[in-house]
Amino acid sequence: MTPASPSAPVLTIDGPSGSGKGTVSRLVAEALGWHLLDSGALYRAVGYAAGSADLDLSDADAVTRCAQTTTIRFRDPGDGGETRVIVNGHDATDELRTETAGAAASAIAAIPGVRSALFERQRGFRRAPGLVADGRDMGTVIFPDAPYKVFLTASAAERAQRRYKQLKEKGLSVTLAALLHEIEARDARDAARVVAPLRPAADAVTIDTTGMPVQTVVSRVLALVRPAS
């Protein structure tokens, strides 16, 4: 693995659940040939590990210890498929994409000790030739010096619809009303938490992706990194 480089350029893409940041970040990273950090996967992995150990997610000390000791590894399948997330030796990729894992990640993300435990892990992804960092506090807390910052948003109704389509395509049983309720509740939790609340960095470019094709969003983000001459 390429060693971490504090001078490598970083593009942060923050935003709420369903704003499209995961898909956009992956496509932008591929277009630029840069590394990709899915910070949400780290929090989901810790939430999954805590659940596997039957920990009470409201027990800040226990969950913080879990965050400090959990081994998380990303593995490229080599066939162009989805990056696999290995948690304590177990391929937990599918489990991490559930709504339960997302809710657990949001809950533990409010614990200062957990955020502190994952801080340096995330910083370590900064490697040449560059990094696209996808998350909720990439531009405000983890990489405040990043030269390129984007904040994606969309209406709660559209974000719920997108998530509904994704989960139905995976054969999961969900309802649109339940997803909308969960997204609105998670927005409130993420915005209200004391540590690293969800908000755009002061120098971020905000893009409302409501009704906007993914490729259009990707093109707008790429234009910030490599503007037309």
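How many helices and strands does the protein have? The protein has 10 helices and eight strands, where helices (H or I, at least four residues) and strands (E, at least two) are DSSP runs numbered from the N terminus. Its radius of gyration, taken over C-alpha atoms, is 17 Å, close to the 17 Å that the globule rule gives for 229 residues, so the protein is as compact as a globular protein of that length. The globule rule is 2.2 Å times the number of residues to the power 0.38.

This is a predicted model, in which local features need pLDDT of at least 70, side-chain atom pairs count only at pLDDT 80 or more, and totals for chains, interfaces and linings use all residues. Residues are numbered from 1 along each chain as its sequence is written, and side-chain values use heavy atoms, with hydrogens and water left out.

The C-alpha trace spans about 55 × 40 × 40 Å along its principal axes. Of the 229 residues, 44% count as buried, that is, under 20% relative accessible area with a 1.4 Å probe and protein chains only. Where contact means heavy atoms within 4.5 Å, 73% of the contacts between residues at least 6 apart in sequence join residues at least 24 apart.

One residue can be followed in detail. Alanine 49 is found in helix α2, residues 39-52, and is buried, with a relative accessible area of 6%. Leaving aside residues up to four places away in sequence, alanine 49 touches Cys66, Thr70, Val87 and Asn88. From alanine 49 to alanine 103 there are 54 residues in sequence and 14 Å in space, C-alpha to C-alpha.

Key: Buried means under 20% relative accessible area, exposed over 50%, partly exposed in between (1.4 Å probe, protein chains only).
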